[in-house]
Amino acid sequence: MALICIRQYDTYIPAHIALGRLREAGIDAHLKDEHTVTIDPLLNLAVGGIKLMVPFESVEAAEQVLNELPETDNLA
């Protein structure tokens, strides 16, 4: 299963809100580099932030769910 990064976040709070909404909609989603950025925020730019990953097959559905959320501090 190929995972695709559909959003990047500076902090874990909006990342977890988006993750929760996707899981609530039945979409399998994961956060990548969450622990690295949370433990050492100075590494945020080096690793590209916290990445919200979904299976390739779920990208369209995930984008639809996330577009209904209010604006957050996502990077991309």
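This is a predicted model: local features need pLDDT of at least 70, side-chain atom pairs count only at pLDDT 80 or more; totals for chains, interfaces and linings use all residues.
View 1. Residues are numbered from 1 along each chain as its sequence is written. Local features need pLDDT of at least 70, side-chain atom pairs count only at pLDDT 80 or more, totals for chains, interfaces and linings use all residues, and side-chain values use heavy atoms, without hydrogens and water.

**View 2. Arg7 and Glu63.** These two side chains form a salt bridge, 2.8 Å from N to O. The term means a side-chain nitrogen of Lys or Arg within 4 Å of a carboxyl oxygen of Asp or Glu. Arg7 lies in strand S1 (residues 3-9) and Glu63 in helix H4 (residues 59-67), 56 residues apart. Arg7 is buried at 11% relative accessible area. Glu63 is partly exposed at 24%. Buried means under 20%, exposed over 50%, and partly exposed in between (1.4 Å probe, protein chains only).

**View 3. Asp33 and Lys51.** Here the closest N and O atoms of the salt bridge are 2.5 Å apart. Asp33 sits in the loop between strand S2 (30-32) and helix H2 (34-39), while Lys51 belongs to strand S3 (residues 50-55), 18 residues away. Asp33 is partly exposed, at 23%. Lys51 is buried, at 12%. The count of salt bridges comes to 2.

Notes:
Helices (H or I, at least four residues) and strands (E, at least two) are DSSP runs, numbered from the N terminus.
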